[in-house]
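Let us read a protein model together, one feature at a time.

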Amino acid sequence: MEEEVCGRRIRAFRKLKGYTQEQLAKQLGISVSILGEIERGNRKPTKDFMQLVAEQLRVPLHELFPTEENHGMR
C-alpha cells in the first residue's frame, strides 16, 4: 500500500515538473523499467532513492511519503 502511494506521488510530481519517465530515470541513473515499477507500486524504493527523487524534482521529501495524518484527508 505504501509503495503504491509513494509511486503515485512520484508519478504526479514527475508529470507536474514536466519530466518523462525516460528523462527522470536518466537523471536518477536508473532504468525506465525500474522507475515504472516504482511508480506502479511494484517495487519499494529506499529512503536514499526517495531523497534523490525529491532533490531532482525539487519537492520536499515528506511530500513523497504517505503519513498517518494524510490518510483520509483529501
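Q: Which part of the chain has pLDDT below 50?
A: Start with the general idea. Where pLDDT is low, the predicted coordinates should not be read in detail. Now the case here. The average pLDDT of the protein is 88, but over residues 68-74 the pLDDT is below 50. Beyond near neighbours in sequence, that stretch has three contacts in the model.

Q: How many helices and strands does the protein have?
A: Count the elements, then read their order. The protein has four helices and zero strands. Along the sequence the pattern is α-α-α-α.

Q: Which elements have the lowest and the highest mean pLDDT?
A: Helix 1, residues 2-16, has the lowest mean, at 92. Helix 2, residues 21-28, has the highest, at 97.

Q: How much of the protein is buried?
A: Of its 74 residues, 35% count as buried. The accessible surface comes to about 5000 Å². Carbon and sulfur atoms hold 49% of that surface.

Q: Which residues touch the most other members of the largest nonpolar core?
A: That core has 17 residues. Ile10, Leu24, Met50, Val53, Leu57 and Leu64 touch the most other members. Helix 1, helix 2, helix 3 and helix 4 (47-57) each give two or more residues to this core. Helix 4 gives the largest share, five residues.

Q: What does Val53 contact, leaving aside its neighbours within four places in sequence?
A: Val53 is in contact with Ile10, Leu28 and Leu64.

Q: What share of contacts with a separation of 6 or more joins residues 24 or more positions apart?
A: The share is 62% for this protein.

Q: Is Glu39 buried or exposed?
A: Compare its relative accessible area with the cut-off. Buried means under 20%. Glu39 has 2%, so Glu39 is buried. Its place is in helix 3, residues 32-40.

Q: Which side chains make polar contacts with the side chain of Glu39?
A: There is one with Arg14, at 2.6 Å. There is another with Gln21, at 2.8 Å.

Q: Which residues does Glu39 touch, not counting those up to four places away in sequence?
A: Glu39 touches Gly7, Arg8, Ile10, Arg11, Arg14 and Gln21.

Note on methods
Residues numbered from 1 in each chain as written. Predicted model: local features only at pLDDT ≥ 70, side-chain atom pairs only at ≥ 80, totals over all residues. Heavy atoms only, no water. Buried < 20%, exposed > 50% of the residue type's maximum accessible area, 1.4 Å probe, protein only. Polar contact = N/O pair within 3.5 Å; in protein donor to acceptor, adjacent residues only side chain to side chain. Contact = heavy atoms within 4.5 Å. Areas by Shrake-Rupley, 256 points an atom, 1.4 Å probe, with all protein chains shown as cover. pLDDT = per-residue confidence, 0-100. Core = buried A, V, L, I, M, F, W, Y, C linked by side-chain atoms within 4.5 Å.
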